[in-house]
Each structure stands twice: as structure tokens, then as C-alpha cells.
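Colleague: I have not seen this one before. Can you put it up and walk me through it?

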Amino acid sequence: MKGLLPGMDVVGQRMKTGEMFIPEVLRSANTMHRAMDILKPFLSESDVNGIGTIIIGTVEGDLHDIGKNIVAMLLEASGFKVVDLGVDIKPEVFLEAVETLKPNILGLSSLLTTTMPKIEETVNILKDAGVRNQIKVMIGGAPVTQSFADKIGADAYADDAGTAVEKAKTLMNII
Ligand code: B1M
């Protein structure tokens, strides 16, 4: 809490301001993972990934996952339990995961203008199933904007991984 996590906060900030680039962020996230592997045996289950649970995935029809993976790694390194469903995820699969795993946050990534409507479709299927108000929805990806997030009623939008961590913490009332 006093060493690694503040370190990752610095990485997130520097990525936001363009002082660090993707290879350095990936390297930092990998370092964090290795440190967590060393620390895990000494921590109780509740201390590990204790901030909250996030399900994340790239929406149906979209195979881009580099940014989503960075977001997932940074979230995990910041203390969240992250369940990464992968790419090309149908709205029904997101719904099933939400119903089964009951996360705090659902994270949806889209890199194509043609797959952005799948974000809205996923939010709508959550509404239809009556689970939308049980979770927060965060969205991101190159073509996604704050105004799109507002239009479809997402709880948060982030344009990079550092901001995604900040927004996730805000959604959990941590900052
Ligand atoms: Co594609 N591709 N691609 N591509 N590709 C783009 C996105 C494109 C902009 C290139 C271009 O034309 N200039 C364009 C989209 C145009 C559009 O829709 N307006 C495009 C296209 C058209 C396509 C294909 C259709 C090409 C074709 O086949 N004709 C095809 C589609 C395949 C499919 O998905 N069905 C395709 C395929 C591919 C590859 C498979 C070759 C490969 C993906 C490999 C992979 O991801 N494993 C690829 C790549 C690499 C790119 C570019 C070059 C790079 C994307 C990337 O990884 N960026 C991209 C052009 C570009 O962006 N310069 C392009 C780096 C990454 C760290 O950034 O993903 O934006 P980004 O993630 C950021 C933020 O967006 C944010 O945080 C991340 C970290 O800071 N973020 C979130 C992302 N998700 C978030 C979720 C959050 C919060 C924040 O909350 C949950």
C-alpha cells in the first residue's frame, strides 16, 4: 500500500501526461504482477484485490485488445480484482458474467466505430434484465467519447488507462 500502489499511481499519471509510453507502462504492470506473486502468500484473501471486482472485455465484433489489456493490468495493479472476458464478447455473455460474478464495475472497450453500438446494446441488455442499477458501467476505446457515454447512460468514460483507474476508484468512492 505504501510502496507499489503509489508507484503505479505515478505510472498512471505519467502515462496521462505523455511522460511514459506503452512499453514502460507494460513493464511497470508486469513488475507489479511479479511483486504481487511474491506478496500474495503473506496477504489474506480479503487483502488481495480488495478494492472491488471489475469485469472487462472488448465488445462483439471487435478484436482489438492491447488498450483493454493495459487498462485491465493497471486496474489489477491498483488493487482491483479483474475478470477479463477477452475480445469479441456478445452482450449476452457480458450479462451472464454480471449475473454470475456480481462485479462492482463492468468495463467495455471498443476500438471501431462499427462496434460502438455494441456498447449501447450491452447496456440495454443489462437494463432489460433488471441488473443495470446493481453495477457501474465504465467505457473506453479510441472512438469512444464522453458525449457518447452520456448518451447511452454509462457511469464513467476514460480515454486512457491512468484515467480508467482514477474513474474506477471514484466509482467505488475511494477517491
Ligand atoms: Co485495427 N483499427 N483494425 N487492428 N488498429 C484501428 C482501431 C484504426 C483506427 C486504424 C485506422 O484505420 N487508422 C481503425 C478503426 C477505424 C474506425 O473504426 N474509425 C482500425 C480498423 C479499421 C481495423 C480493421 C477493420 C482493419 C481491417 O481488417 N480492414 C480490423 C478490425 C478487426 C476487428 O476488430 N474485427 C483491424 C484489425 C487490427 C489488428 C488485429 C491488426 C490489430 C489489433 C491487435 C490487437 O489488439 N490484439 C489492430 C491495431 C493494432 C490497430 C491500431 C493500429 C492500434 C490500436 C492499439 O492497440 N492502440 C489502431 C490505430 C491506432 O489507434 N493508431 C487500429 C494502442 C492502445 C494502447 O490504445 O486501444 O486506444 P487504445 O487503448 C487506450 C484507450 O483507448 C483507453 O485506454 C487504452 C490505454 O491508454 N481504453 C479504455 C481502451 N479501452 C478502454 C476501456 C476502458 C477505459 C479506457 O474502460 C473499460
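**Ligand shell and cores**

Modeller: This is a predicted model. There are 27 residues around the ligand, and L63, H64, D65, S109 and T113 come nearest.

Colleague: How far is the polar side-chain atom of S109 from a nitrogen atom of the ligand?

Modeller: That distance is 2.8 Å for S109.

Colleague: And which residues have backbone atoms by the ligand's oxygen atoms?

Modeller: T113 has a backbone N or O atom 2.9 Å from an oxygen atom of the ligand. For A161, a polar backbone atom is 3.3 Å from a ligand oxygen atom.

Colleague: Which elements give two or more residues to the shell?

Modeller: Those are helix 3 (66-77), strand 3 (105-109), strand 4 (136-140) and helix 7 (161-171). Helix 3 has the largest share of the shell, with four residues.

Colleague: What does the shell look like by class?

Modeller: It has 15 nonpolar residues, eight polar and four charged.

Colleague: Changing topic. Which residues touch the most other members in the largest nonpolar core?

Modeller: L75, F80, I105, M138 and A168 do, in a core of 27 residues.

Colleague: Which elements each supply at least two residues of this core?

Modeller: Helix 1 (4-16), helix 2 (22-39), strand 1 (53-58), helix 3, strand 5 (156-158) and helix 7. Helix 3 gives the most to this core, six residues.

Colleague: What lies apart from it?

Modeller: Another core, of 24 residues, which includes F94, A97, I135 and I152.

Note on methods: Residues are numbered from 1 along each chain as its sequence is written. This is a predicted model: local features need pLDDT of at least 70, side-chain atom pairs count only at pLDDT 80 or more; totals for chains, interfaces and linings use all residues. Side-chain values use heavy atoms; hydrogens and water are left out. A residue is near a molecule or strand if one of its heavy atoms lies within 4 Å of it. A polar contact is a pair of N or O atoms within 3.5 Å; within protein, one must be able to donate a hydrogen and the other to accept it, and residues adjacent in sequence count only if both atoms are side-chain atoms. Ala, Val, Leu, Ile, Met, Phe, Trp, Tyr, Cys and Pro count as nonpolar, Asp, Glu, Lys and Arg as charged, and the others, Gly among them, as polar. A nonpolar core is a set of buried Ala, Val, Leu, Ile, Met, Phe, Trp, Tyr and Cys residues joined through side-chain atoms within 4.5 Å. Buried means under 20% relative accessible area, exposed over 50%, partly exposed in between (1.4 Å probe, protein chains only).
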